[in-house]
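Dear colleague,

Please find the structure below, handed over for your own work. The findings follow after it.

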Amino acid sequence: DAALDMYLYHPNTAPFVSKNLIKHFGVSNPSPAYVQAVAEAFQTGSYEVGAYQFGEGKWGDLAATSAAILLEGENLSVSLDADPTAGSMSAPLIKVVSFMRSMEFTRTGHSRLSDSMLAQHTQDYTGQHAHTSPDQFSFFSPDFVPPGAFSVANLVAPEAWVSSINQVIGRLNGVAALIHHGLNNCPYGAGLGFQSLSFNPCNSDIREPDRLYEDSVGYLSYEPLDIND
């Protein structure tokens, strides 16, 4: 217990934990003032914004720390949207899943035949797959500095570690396959294959629209209410 207390209450712990949590919550290059505000919330166990107060006043209170990360002015500033280095890149897998959710991904009966919705080879296209991190430190280093303008400005972009040109193109092809064929193993598809002998969804045409997704794990069901939407 004494050793754990030494680490927890060490003066470097609060800013170190705060900076890394901020990075994971969407700001890759937080300012020193932002890190300090979150570190103070971690140390005091309290964070106030307006009439609201978060935390129970205990050292390391994660409710106060999380509130500071999400509600601090730098995270909410609209003016920073004009800065291309503000915020962070989304991890590839999060991009794909977010797209599926926004387009109302709907499962078919085949989804019950597998423990995973996305096939293992998805990692070849996107650079990520759930539970396949190469080590305990995730898919990328939080201190990764990509070449070019970021390197010149000494800014980090951790998610760029898994965003090579081949992976970016692979993600675009995967999304296109998802739109046209549903989630299956058609070329560039990220799903599993359940193709029947009588019908191949990869070669289907408009004459059989009702069968287009029958051999897929799922499909995008979103339909705009108006053609102009």
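What covers the buried residues of helix H6 (residues 92-102)? The cover includes strand S3 (105-107), helix H7 (122-126), helix H9 (165-181) and strand S4 (218-220). Helices (H or I, at least four residues) and strands (E, at least two) are DSSP runs, numbered from the N terminus.

This is a predicted model, in which local features need pLDDT of at least 70 and side-chain atom pairs count only at pLDDT 80 or more, while totals for chains, interfaces and linings use all residues. Residues are numbered from 1 along each chain as its sequence is written, and side-chain values use heavy atoms, with hydrogens and water left out.

Confidence

The chain has a mean pLDDT (the predictor's confidence in each residue, from 0 to 100) of 83, and 83% of its residues reach 70 or more. Where pLDDT is low, the predicted coordinates should not be read in detail.

Helix H6

Pro-92, Leu-93, Val-96 and Met-100 of H6 are buried (under 20% relative accessible area, with exposed over 50% and partly exposed in between; 1.4 Å probe, protein chains only). These four residues lie on the same side of H6, because they cover an arc of only 105 degrees around the axis, taken from the directions from the helix axis to the C-beta atoms. After H6 comes Glu-104, with a positive phi near 60 degrees.

Pockets

A pocket is, on a 1 Å grid over the protein atoms alone, an open set of points where a 1.4 Å probe fits, with protein on both sides within 12 Å along at least five of seven lines; lining residues have an atom within 4 Å of a point. The largest pocket holds about 390 Å³ of space, the volume being that filled by probe spheres set on the points. Of its 19 lining residues, Lys-23, His-24, Ser-138, Phe-140 and Glu-159 are the closest to its centre. Helix H2 (residues 13-24) gives the most to this lining, with 3 residues.

The second largest pocket has a volume of about 220 Å³. It is lined by 14 residues, of which Val-27, Glu-74, Leu-80, Ala-86 and Gly-87 are the closest to its centre.

Ser-28

Ser-28 is found in the loop between H2 and H3, and its relative accessibility of 3% makes it buried. Leaving aside neighbours within four places in sequence, Ser-28 is in contact (heavy atoms within 4.5 Å) with Lys-23, Gly-87, Ser-88, Val-156, Pro-158 and Glu-159.

With kind regards
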